[in-house]
Every structure is written in C-alpha cells, then in structure tokens.
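Please read it alongside the sequence and the model.

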Amino acid sequence: MQPSAPAGPAATAALPLAVFPKDTRPLPCLLLSCLLLLLLLHLLSSPSSSSSPPPPPSPPHHVPLPVDASSAGPAPPSLAFLLTGSAGDADRLLRLLLATYHPRNLYLLLLDGAASAGDRARLARQARAGPGRANVHVVGDPGFANPRGASTLAATLHGASLLLRVGQDWDWFVHLDAGDYPLITPDDLLHVLSYIPKDLNFIQHTSYIGWRESRQIRPIVVDPGLYLSSRTDIFYATQKRELPNAYKLFTGSSSVILSRKFIEYCIIGTDNLPRTMLMYYTNMPLPHRKYFQTVLCNSPEFNRTVVNHDLHYSKWDSSSKKEPLLLTLDDVENMTQSGVAFGTRFSMDDPVLNHIDEEILHRQPEEPAPGGWCIGVGDASPCSVSGNPDVLRPGPAAMKLAKLLAQRLTYRNFYSQQCN
C-alpha cells in the first residue's frame, strides 16, 4: 500500500520532490499558549475585539453589515478538510461542506467506490456550483473503504496526500465523516485556532489497550478493499500476532485535527516510522483508530505536540464498544455546553441537524454559514454580498471552545494526558 502516491483526476500537480528538512525548533512554551488563550478570551469578551463582533440586529433589506478590515489580531489559519462518505452519502457531504465552508479553507470530498459514479458526478457539480468555490475538490476515482479494515486508513492517507498537492498554505488537516456535523461556525473555529501554535495535534488517544488486545490488536485480518474492485468484508486469519516491543501501541478515535507538519511527516517525510506503522497496521482491525495515535506518540519530534482531545462530542453506550450512539435533539444541551467544534454521529436529515443550522450556525438551507466573508442580509442568498475572508465574526460558541482549549493547554493537563 502506497499512501504517498495519490491517483485520480483530483490530483492536479505532482508532489514536490524536495526533502522537507526537520524543524528542530521546540514546541512553543505552554505558558505562551495559555497566555495567548487568555488574550483570546479577553478579545472575545471585549467590545474592541480585533475580530469583528457578532453582527447586530438585521439592518434594512439589501444593506450589508459593516466590515472592519483593519484587524490587529493574528491572521486566521487555513484548514484542509477531508470529508468522506460512502453509498448514499452525497447529500450528507454536500450539507457538511456548506456547514463548514469558508473561503480560506481547502476541501476535498471523497465518496468511496461503493457510491455510484452518478452520485459522485452530481456531488462534484453541486459542491463547486456556488460563487468562490474554487477551493473545493472531489476525488474522481476512489477505491473501496471498508470501515473495519485498512482500506479506510488508506483512503484517509490518500486524501491527505491530495490536499498536500492542491494546497500549499493550509495549517491543519481536519477529517470529518458524513456522520459528523459542526457545532460552531467556521468563523468561530478559525478565530480560536488563530491564537494557538500551529504545530499542535488534536487527537484522542490512550495506551490502555485492555479488551482491544484480544479483539483489535492480536487478530490478523485481510481487507479485500485493498486489492478488489468491490466491497467485501474483511476476513480473519487463524493465527494471532504478538505485541511489539520496539514501539508502544496507542488507540483512540478516528476523528483527528492534525498539523500540516505532521501530515507531511506521514506522507512525504524521510523518517521510516510512519511506514513501519503502516505495515504493522495493514492487517489489523480498525487501524484508522490507531495509526495516527501510534505514530505521533512514538515520534520524538511530535510526541510533545499532542493534545488529548479530538474536539468532537460523542456519546457511547458502555455495553457497546463498536460505534458511538446517534445524537438527537435530546443531546443538544450537552453538545452545546461541551464547547467542542464537532459532533459525531448523526443520522441522515435528523431534526437535530436543522436545529444546529438554525440556532447555532444561522445557516439557511442550501447556503453556507454566514460570517465575515458572507455578509448579505435579507437576500434569498445571504452570501450574495461578499465580505472579507480575513475578517472573522466569532459568536458565543467561540468563547466556549476557547475555554475548553485553555483548560486543555494548562501545564498539568497538557503533559499529564500526553501519550500515556
């Protein structure tokens, strides 16, 4: 399996052949991080915030909101979103794209081989139909991604490598599944992330293997999705593997927000650790929940950049350890109070998604979430009046996310929960 050799019509340029030099600079001091987040909280609560405040009550029809382009705060980052789905997920990916869309970001939509070519073509047309959607791409020739096998990890690495090809200036890689949905606006997320070091990696992880050793670590499986042009379930070998002693295994969730530097390390870096881990996890169940965790925590260059939180809200049944429970309207209060950026998992067109659109994102159907770049008011299309992509209008949810990160980045929480 060669994750660094992407294929398909979405690949528009060759990966650079130059070797990326190692950055020997240490992770910025956590005290600095906490000070920056405290400043962020001050900026959010101050009427003189460097990012524009939430818009006032709607002005008269066709009058755009004022845009203050003279922001003195840090420049907003850019995010590279990989949005993945399977058969029947085209509409869900389009909705997820609109809910997370911001012109500063880069988007790659991937419907695996189980989806029809017609759905993939329709998704490509609709995803790029809006004004300013040159930053949206769709993988035209994907493989099959079995959610229990290594083909899902291969699809994620393929998507990450394509995003490195088509965009040179993004800061974090964000992987969302069709069952995920944002709980804050794009402006909220970009505003908060603009105040933290760009080499941090947000990923839920633990070295406690427990029951997973017998069910997910020692079994040897074969994923036909790696070599067949059809979806076939994985099958188990009769042998069991021994646990390694050359490195320590970690596990966690498949939701990740990873720095560009770490993605480059996995895809085109010269260190052999990512490839060794890839070989080890190829024949293991659910490797996409273990691979990035294990590479991060076994790498001296990156194991002090890990924040043990994936910024997702999920709910689990203690009797079932396979998938998180579906979120509904009953979970709205807990989700919004958690301060996280995304929720997982939602069923298709569940009423809770409409509630999030209306009450949190303030997004109209078939339209992106408004913000500093999208300031039309009263029109059928609120983004008919363009603003400034560098001006952000954070709302109350940004304050909650900032408080969550300030807590996670305290010295005690950051290091005590890191790669243990």
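Which residue in β9 does His-205 stand opposite? In this predicted model, the residue opposite His-205 is Gly-252 in β9.

## Overall composition

The secondary structure of this predicted model comes to 13 helices and twelve strands. Of the 420 residues in the protein, 54% are buried. Among contacts with a separation of 6 or more, 76% are between residues 24 or more positions apart.

## The seven-stranded sheet

Seven strands form an open sheet with mixed pairing, and their order is β3-β2-β1-β4-β9-β6-β10. The edges are taken by β3 (136-138) and β10 (306-307), each of which has a single partner strand, so one side of each is left without a neighbour in the sheet. In general, the strands of a sheet pair through backbone hydrogen bonds, either parallel or antiparallel.

Both arrangements can be followed here. Strand β6, residues 201-206, runs antiparallel to strand β9, residues 251-259, and four bridges join the two; the pair of His-205 and Gly-252 belongs to this part of the description. Strand β1, by contrast, runs parallel to β4, to which six bridges join it, and β1 also runs parallel to β2, again with six bridges. Ala-80 stands opposite Phe-173 in β4, while Phe-81 stands opposite Tyr-107 in β2.

How many of the residues of β1 are buried? The count is seven of its seven residues, and the strand is accordingly described as mostly covered. Leu-79, Phe-81, Leu-83 and Gly-85 point one way from β1, whereas Ala-80, Leu-82 and Thr-84 point the other way, and all are buried.

Helix α4, which comprises residues 150-166, lies across β1 (79-85), β2 (106-111), β3 and β4 (172-177), and the helix runs at about 145° to β2.

## The largest pocket

The largest pocket holds about 1,200 Å³ of space. Its lining is made up of 50 residues, of which Ser-254, His-288, Arg-289, Glu-323 and Pro-324 are the closest to its centre. Two or more lining residues come from each of β1, α4, β4, β6, α6 (212-217), β9 and β11 (312-313), and β9 gives the most, with six residues. Divided by class, the lining of this pocket has 22 polar, 15 nonpolar and 13 charged residues.

## Enclosed cavities

The model contains three cavities of 30 Å³ or more. The largest cavity has a volume of about 60 Å³, and its lining includes Leu-79 and Phe-81 together with Ala-99, Thr-100, Pro-182, Ile-184, Ala-341 and Phe-342. At least two residues of this lining are supplied by each of β1, α2 (90-100) and α5 (186-193). The residues that line the largest cavity divide into nine nonpolar, three polar and no charged.

In the second largest cavity lies about 40 Å³ of space, lined by Val-306, Val-307, Asn-308, Arg-408, Asn-413, Phe-414, Gln-417 and Gln-418. The elements that give two or more residues to this lining are β10 and α13 (411-416). The class division of the second largest cavity is three nonpolar, four polar and one charged residues.

Definitions and conventions: Residues are numbered from 1 along each chain as its sequence is written. This is a predicted model: local features need pLDDT of at least 70, side-chain atom pairs count only at pLDDT 80 or more; totals for chains, interfaces and linings use all residues. Side-chain values use heavy atoms; hydrogens and water are left out. Two strands pair if DSSP finds at least two bridges between them. Contact means heavy atoms within 4.5 Å. Axes are lines fitted to C-alpha atoms, for helices over the stretch in contact, and angles run from 0 to 180 degrees between N-to-C directions. On a 1 Å grid over the protein atoms alone, a cavity is a set of points where a 1.4 Å probe fits but cannot get out, and a pocket is an open set with protein on both sides within 12 Å along at least five of seven lines; lining residues have an atom within 4 Å of a point. Grid points are joined across faces, edges and corners, and a volume is the space filled by probe spheres set on the points. Ala, Val, Leu, Ile, Met, Phe, Trp, Tyr, Cys and Pro count as nonpolar, Asp, Glu, Lys and Arg as charged, and the others, Gly among them, as polar. Buried means under 20% relative accessible area, exposed over 50%, partly exposed in between (1.4 Å probe, protein chains only).
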